[in-house]
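Subject: A structure for you to explore

Hello! Here is the structure I promised to pass on to you. Have a look at it first, and then read my notes below with the model open beside you.

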Amino acid sequence: MKNFTKITTCLLIALTLGAMVMSCKKDVEKVEVTPATLTIKVGATSQLTATVTPDKAEYTLAWTSSAPTVATVNAEGKVTAVAEGTATITVEAGGKTATCVVTVEKDGPFVPTVKTFIEDVEGHPSFTINSTVHGWSYIDNDGSSTYAFQSVSFSNAGEPMSYIVFSPSETTPALTFEAHSGNKMFACFASTPPANDDYLITPELQNPTSISFWATTYTGQYGLERMKVLYSTTGRNISDFTNKLNSGNYIQVPEGWTQYTYELPIEAKYVAIQCVSDDAFIFFVDDIEITASAAGSLPEKTAKGVQYNNFVKKPPVAKVKK
Ligand SMILES: [Ca+2]
Ligand SMILES: [Ca+2]
């Protein structure tokens, strides 16, 4: 009988405690999300925060997007902008909801999202001078007009330029030599004297570790192309590129695609491939790969399944002044 009383007492205490715990659970009264509106660029991410009242409410947060083709949201409320447009992100907790209206903008500074960035030039419009796609910038410090091909025409031939997006298969008539990957590459055409002084400048880098790229002289007939590889820890003016990565004064680039790789200090902000050729013909650059020590430091990877072409030396087309 004594044992029975003990068991009953224990059971009652257990039930009472259980009921007390049950009574502590509260329903969600309100959920709020901050920010309530958000404007971000394609490729960028942003963290949303949900606040649930009362504090002791029991809930699970569920995040959804009204338009995942515009912006997606993960289970932790992190939004990724996919394409230009508007999406409503909804968070639900205990039957209550709150929303954040996300506007995704297409243009503007390129926003870094991943660790490796490969520029294969395929996404740049053909024959654009100093194409700013993906945040590339340029300095044409010689300001000179350029040599063109004898009997081969293309848009902007002979114009002053730093680098042009060159597509051999789209000239008239089509040229038979190939870019390192795909159909396009950056090209620096010889300036009609003075010597070339042309900068191809990367997008802004954060925590970079290395840069590599492929380069070639189009034809050694007029002499090999010359380049310097420089970096800046500050801005994008000529006076900012005070650090040289190549040894010697400049590199003479051979005929045939050659890969150049340089380690970068973490504070490097921009790298410039400077063409300093003197009355040569065309300096080509393709498949520039930059790596960083942390995700979120570089523009998105732009090359998908890069297929590299073999360099097949074809009889070069002569150069002419336009
Ligand atoms: Ca120039
Ligand atoms: Ca290419």
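In what order do the strands of the open sheet of four strands stand? The order is β2-β9-β8-β5, and the pairing in this sheet is mixed. The edges are taken by β2 (37–41) and β5 (62–65), each with a single partner strand, so one side of each has no neighbour in the sheet. On average, neighbouring strands of the sheet are turned by 25 degrees against each other, with direction ignored. Please keep in mind as you read that this is a predicted model.

Stay with β5 for a moment. Its pairing with strand β8 (residues 85–93) is antiparallel and runs over four bridges. If you look for Trp63, you will find Val91 of β8 opposite. The strand β5 also has two faces: Trp63 and Ser65 make up the covered one, while Ala62 and Thr64 make up the uncovered one.

A second sheet to find

There is also an open sheet of three strands, in the order β3-β7-β6, with antiparallel pairing. Its edge strands are β3 (45–47) and β6 (71–73), and each of them pairs on one side only. From one strand to the next, the twist averages 20 degrees. Between β3 and strand β7 (residues 78–81) there are three bridges, and the two strands run antiparallel. One pair to pick out here is Thr45 with its bridge partner Thr80 in β7.

The whole protein

Now zoom out. The protein has one helix and 23 strands. It has 322 residues, of which 34% count as buried. Take the contacts between residues at least 6 apart in sequence: 75% of these join residues at least 24 apart.

What lies inside

In soluble globular proteins, nonpolar side chains tend to be buried together. Here, the largest nonpolar core has 54 residues, and Ala187, Leu200, Ala272 and Val285 are the ones with the most contacts inside it. Strand β22 (residues 282–292) gives the most to this core, with seven residues. To see the surroundings of Ala187, leave out residues up to four places away in sequence: Ala187 then touches Tyr163, Ile164, Phe166, Ile282 and Phe284. Another core, of 19 residues, lies apart from the largest one and has Ala44, Val91, Ala93 and Val104 among its members.

A strand in the open

For a contrast, go to strand β20 (residues 258–263). How many of its six residues are buried? The number is zero, so β20 lies largely in the open. This strand still has a partner: six bridges join β20 to strand β16 (residues 208–217), and the two run antiparallel. Within this pairing, Trp214 has Gln259 in β20 as its bridge partner.

Some backbone details

Most residues other than glycine have a negative phi, and most peptide bonds are trans.

- Thr172 and Pro173 are joined by a cis peptide bond, with omega about -15 degrees. The loop that holds Pro173 runs between β13 (164–166) and β14 (185–189).
- Pro193 and Pro194 are also joined by a cis peptide bond, and omega is about 20 degrees. Pro194 is in the loop between β14 and β15 (198–201).
- His134 is not a glycine, yet its phi is positive, at about 65 degrees. You will find His134 in the loop between β10 (116–119) and β11 (137–140).
- Asn207 has a positive phi too, near 55 degrees, and is likewise a residue other than glycine. Its loop is the one between β15 and β16.

Enjoy exploring, and write back with any questions!

Key
Residues numbered from 1 in each chain as written. Chains lettered and ligands numbered in written order. Predicted model: local features only at pLDDT ≥ 70, side-chain atom pairs only at ≥ 80, totals over all residues. Pairing = 2+ DSSP bridges. Axes fitted to C-alpha atoms, helices over the stretch in contact; angles between N-to-C directions. Core = buried A, V, L, I, M, F, W, Y, C linked by C-beta atoms within 7 Å. Buried ≥ 20, exposed ≤ 12 C-beta atoms within 10 Å, placed from the backbone. Contact = placed C-beta atoms within 7 Å.
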